[in-house]
Amino acid sequence: MKILGNISHVSNKGNIIVRSSQTPALGLPVFSENKKRVGKIHDVFGPTKEPYITIKPNRGSNSKKLDSLVGAVLYIPSKPVKKWGRKKRSKK
């Protein structure tokens with residue numbers, strides 16, 4: 001697991017805003033310190049060197065519960081995530 005960054009705040013729409021030192025791919029899952037999935041990366045914006053990252057929380061996450069996480073460190077997987085979907089046919 002790689003460190004994504006610290007939670008800056010929770011937006012009005014209920015998304016988590018993180019300040020990071022890297023630019024991760026969209027759609028990656030995000031985990032807390034105790035390896036529980038928090039949500040997935042929805043958007044990256046701001047300066048290139050230290051961007052802000054919007055994380056869309058999992059369904060059923062309570063906004064009051066998210067407010068208590070401000071300042072916590074979040075992580076992303078170090079290995080690429082296996083994508084679901086249809087496999088391509090090999091040419092014969």
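A residue counts as buried when its relative accessible area is under 20%, as exposed when that area is over 50%, and as partly exposed in between (1.4 Å probe, protein chains only). The structure is a predicted model, in which local features need pLDDT of at least 70, side-chain atom pairs count only at pLDDT 80 or more, and totals for chains, interfaces and linings use all residues. Residues are numbered from 1 along each chain as its sequence is written, and side-chain values use heavy atoms, with hydrogens and water left out.

**A buried loop residue**
- Asn-15 lies in the loop between S1 and S2; strands (E, at least two residues) and helices (H or I, at least four) are DSSP runs, numbered from the N terminus.
- Asn-15 counts as buried because its relative accessibility is 15%.
- Beyond residues up to four places away in sequence, Asn-15 touches His-9, Val-10, Thr-54, Ile-55, Lys-56 and Pro-57, where contact means heavy atoms within 4.5 Å.

**The largest nonpolar core**
- A nonpolar core is a set of buried Ala, Val, Leu, Ile, Met, Phe, Trp, Tyr and Cys residues joined through side-chain atoms within 4.5 Å.
- The largest one has 14 residues, of which Leu-4, Ile-16, Val-18, Val-30, Ile-55 and Leu-74 touch the most other members.
- Two or more residues each come from strands S1 (2–10), S2 (16–20), S4 (37–45), S5 (52–57) and S6 (73–76).
- Strand S1 supplies the largest share of this core, three residues.
- Leaving aside neighbours within four places in sequence, the contacts of Leu-4 include Val-18, Val-30, Ile-55 and Leu-74.
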